[in-house]
Amino acid sequence: MHATLTQALEAVLAGVDRRALRTATRALVEVYRSGAPPGRLVLEDATSAAAYAAYRMPATHAAVTRALHHATSLDPALQVRSMVDLGGGTGAASWAAAETFDTLERVQVVDGSAVALQLGRRLARHGPPAVSTATWTRSVVQEDFVAPTADLAVVSYVLGELSEALHGPLVRAVTTSSRLALVLEPGTPRGYAAVLAARSLLVASGWHVLAPCPQNGPCPLAGRTGDWCHFAARLDRSTLHRHLKGAALGHEDEKFSYVFASHEPVVPAASRVLRRPVRRKGLVQLELCRQNATAGPEVLTRRDPSAYRTARDVVWGDALLLPPR
Ligand SMILES: C[S@@+](CC[C@H](N)C(=O)[O-])C[C@H]1O[C@@H](n2cnc3c(N)ncnc32)[C@H](O)[C@@H]1O
């Protein structure tokens, strides 16, 4: 039985000075809060890599796990034997993929930061087999980047760290090296915009969106003010996580935007729940993204018992298999 990511973090970070970790965490929070591409590698020394692992890995792992779950719940036959984790850092997305796909055998983590890769490798020793045998490759994404070949390419929380000029080359590299791709960013307007641009590139390259979108055409939320497509993954905060963030709550909701696409044709959801459902006695109101490229509210009542029963149990981010009335 392998360790959980939380157990691995506790084991590997046990000896790291807490005060230095807190200071490095505060510095990282500042960089990420600004939202602007940092213009340099942020994980530049062992302490900043350790701080990233302690306070961000659980959240990025939870978001990737949820996005992959959205994809596999639509296509339970989805098989992945190999993956490449681009800008994979300390390997959170690789852990999530290995825990999602029991067929996964070969993982390659590629990143520009040597210290992130070193720490990722130490954590991975505690992880599931595909992670503990992963290869860790230092490579900096540039205009002429060529991605290693794999069934699945994951680009998780990376676009926001790159200059916009590199987004296209990285996504295009993925379209020629893999047959499945997950691109995931923070669930902010900026993160959504980067995902939307990646989605357009994937579709323009002949790829098909499996999740979250019910269709391949223009996103109905694009251009709306104050509204953007994003989801949330709840995760428990460990004692170390709470300490570093100075947080009191025992959990947090990680907001993320993503696209999961396939080189092969797919059967997407009939519709996707875009917000937390509003439930009142005998009534559920859902905000839905639909196959006809519209998005808006749908009210389901007891007058339609089967639709009401379905709607009663769904949560934000779920796919609805039946078309809404
Ligand atoms: C926010 S971290 C995300 C790490 C990991 N994918 C995750 O989800 O936890 C961004 C990663 O991108 C890497 N990175 C940034 N610019 C890069 C570049 N030009 N080439 C390769 N890696 C880069 C950083 O070193 C860092 O590990």
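Domain bounds are taken here from an automatic or database domain assignment. On that basis the chain comprises domain 1 (5-262) and domain 2 (271-320). The model is predicted, so local features need pLDDT of at least 70 and side-chain atom pairs count only at pLDDT 80 or more, whereas totals for chains, interfaces and linings use all residues. Residues are numbered from 1 along each chain as its sequence is written, and side-chain values use heavy atoms, with hydrogens and water left out.

The C-alpha centres of domain 1 and domain 2 are separated by 29 Å. Domain 1 brings 20 residues to the contact and domain 2 brings 18 residues, where contact means heavy atoms within 4.5 Å. Buried area is the accessible area (1.4 Å probe) that two parts lose on being put together, summed over both. Between domain 1 and domain 2 this area is about 1300 Å², and carbon and sulfur atoms give 59% of it. On the side of domain 1, the most area is lost to domain 2 by Pro214, Pro220 and Phe231, which together account for 36% of what that side buries.

Two salt bridges are counted between domain 1 and domain 2, each being a side-chain nitrogen of Lys or Arg within 4 Å of a carboxyl oxygen of Asp or Glu. The side chains of Asp227 and Arg275 form a salt bridge with an N to O distance of 3.2 Å. Six residue pairs, both members at pLDDT 80 or more, are in polar contact across the interface of domain 1 and domain 2. A polar contact is a pair of N or O atoms within 3.5 Å; within protein, one must be able to donate a hydrogen and the other to accept it, and residues adjacent in sequence count only if both atoms are side-chain atoms.

Attention now turns to the ligand. Around the ligand are 19 residues, of which Tyr52, Gly87, Asp111, Val141 and Ser156 come nearest; a residue is near a molecule if one of its heavy atoms lies within 4 Å of it. A polar side-chain atom of Tyr52 is 2.6 Å from a ligand oxygen atom. Thr60 has a side-chain N or O atom 3.0 Å from an oxygen atom of the ligand.
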